[in-house]
Amino acid sequence: MSLLEVRGLTRHYGGVRAVHRLSFDLAAGEVCALIGPNGAGKSTCFALLSGLERPDAGRVRFAGTDITGLPPQRILRLGLARTFQIPAVFSSLDALDNVRAALLARAGLDFALLPRRLRPLADEARALLARVGLEELADRPAATLAYGDRKRLELAMALAHRPRLLLLDEPTAGLALGERFALVDELLAIVRAHRLAVLFTEHDMDVVFRIADRVMVMDHGELIAIGTPAEIRAHPRVRAVYLRGGALDDAETSP
Ligand SMILES: Nc1ncnc2c1ncn2[C@@H]1O[C@H](COP(=O)(O)OP(=O)(O)OP(=O)(O)O)[C@@H](O)[C@H]1O
Ligand SMILES: [Mg+2]
């Protein structure tokens, strides 16, 4: 059985077909890239899957439950977590408290209302920070963290929800080349260790071909190709519509 089943998912904004009749499946533990030019509909797809936007049509099943139109918190509790194209952290809180807030949210508790209940979660929060390489920066306000470290923090917060599926919207955007590979390699180790499924958007083809088991390509709201990295690289329509071939040829398939 698929972990995620998407059927005919559609969201239009006025005349813009942001997402149009999207259908695909994801298996447990699968690492899948969602690529496509700017405005192809990738972030809208994530917003629909995570409950931030309601679809005009179509269904989404996750782990056997129909999650179409459910509120984001319900979807998160079922084990579908996401990160954003721009990291979403509480900038005034330190890194440790950001993760504590996520742990409390998992338990249905509000960070601001329950300060005394935070203490027992410190160990779990520290373990999550260590998982993403931030243990040394636990006491730093999130606002003062480097951009890449804010991305790591957001990942730790997503992991706090013990997801079975992670949606990562451009996990390496804004990072320098060297840091990009370091982050995706760490990410992949975490994902494999927990047997998480991942659906991620990414503009860097080197990153896509390095970590994806499978690649899906969107253009103008529609899915135009699904396949292995090798199949996608050779796909005529992808080459024509997406990157005119060049960026696909330059990217390396193996680490
Ligand atoms: N809230 C909105 N209101 C109106 N139009 C929107 C809204 N959100 C997205 N769109 C439009 O839907 C289309 C898809 O946008 P989306 O952000 O999903 O693309 P994307 O593939 O994530 O692009 P990028 O690679 O630049 O992040 C675009 O034409 C965008 O302008
Ligand atoms: Mg986007």
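Two strands pair if DSSP finds at least two bridges between them. I started there, along with the naming rule: helices (H or I, at least four residues) and strands (E, at least two) are DSSP runs, numbered from the N terminus.

**Ground rules.** I am working with a predicted model, where local features need pLDDT of at least 70, side-chain atom pairs count only at pLDDT 80 or more, and totals for chains, interfaces and linings use all residues. Residues are numbered from 1 along each chain as its sequence is written, while chains are lettered from A and ligands numbered from 1 in the order in which they are written.

**Entry 1, the open sheet.** I looked up His12 and found it opposite Arg17 in S2. Strand S1 (residues 4-13) is joined to S2 by 7 bridges in the antiparallel sense. I then traced an open sheet of 4 strands with antiparallel pairing, in the order S2-S1-S4-S5. Its edge strands are S2 and strand S5 (65-66), each pairing on one side only. Helix H1 lies across S1, S2 and strand S4 (57-62), and runs at about 65 degrees to S2. For that angle, axes are lines fitted to C-alpha atoms, for helices over the stretch in contact, and angles run from 0 to 180 degrees between N-to-C directions.

Which residues come nearest to ligand 1? I noted Tyr13, Ala18, Lys42, Ser43 and Thr44, out of 12 residues around ligand 1. Here a residue is near a molecule or strand if its C-beta atom, placed from the backbone, lies within 6 Å of it. Strand S2 (16-26) and helix H1 (42-49) each give the shell at least two residues, and H1 has the largest share, with 3 residues. I also sorted the shell by class and got 4 nonpolar, 7 polar and 1 charged residues. In this sorting, Ala, Val, Leu, Ile, Met, Phe, Trp, Tyr, Cys and Pro count as nonpolar, Asp, Glu, Lys and Arg as charged, and the others, Gly among them, as polar.

I found Met216 in strand S9 (residues 214-219). Is Met216 buried or exposed? Met216 counts as buried because it has 23 C-beta neighbours inside 10 Å. The cut-offs are 20 or more other C-beta atoms within 10 Å of its own for buried, 12 or fewer for exposed, and partly exposed in between, with C-beta atoms placed from the backbone. Not counting residues up to four places away in sequence, Met216 touches Phe24, Cys32, Ala33, Leu34, Leu223 and Ile226; contact means C-beta atoms, placed from the backbone, within 7 Å. Met216 and Cys32 are 184 residues apart along the chain, yet their C-alpha atoms are separated by 7.3 Å.

S3 pairs with S9 in the parallel sense over 4 bridges, and Ile35 stands opposite Val217 in S9. S3 is also joined to strand S8 (residues 197-201) by 4 bridges, again parallel, with Val198 as the bridge partner of Val31.

Most residues other than glycine have a negative phi. I flagged Arg195, with phi near 50 degrees, in the loop between helix H6 (177-194) and S8. Arg195 is exposed, because 10 other C-beta atoms lie within 10 Å. I flagged His220 too, with phi near 45 degrees, in the loop between S9 and strand S10 (222-227). His220 has 16 C-beta neighbours inside 10 Å, so it counts as partly exposed.

Technical notes:
Contact = placed C-beta atoms within 7 Å.
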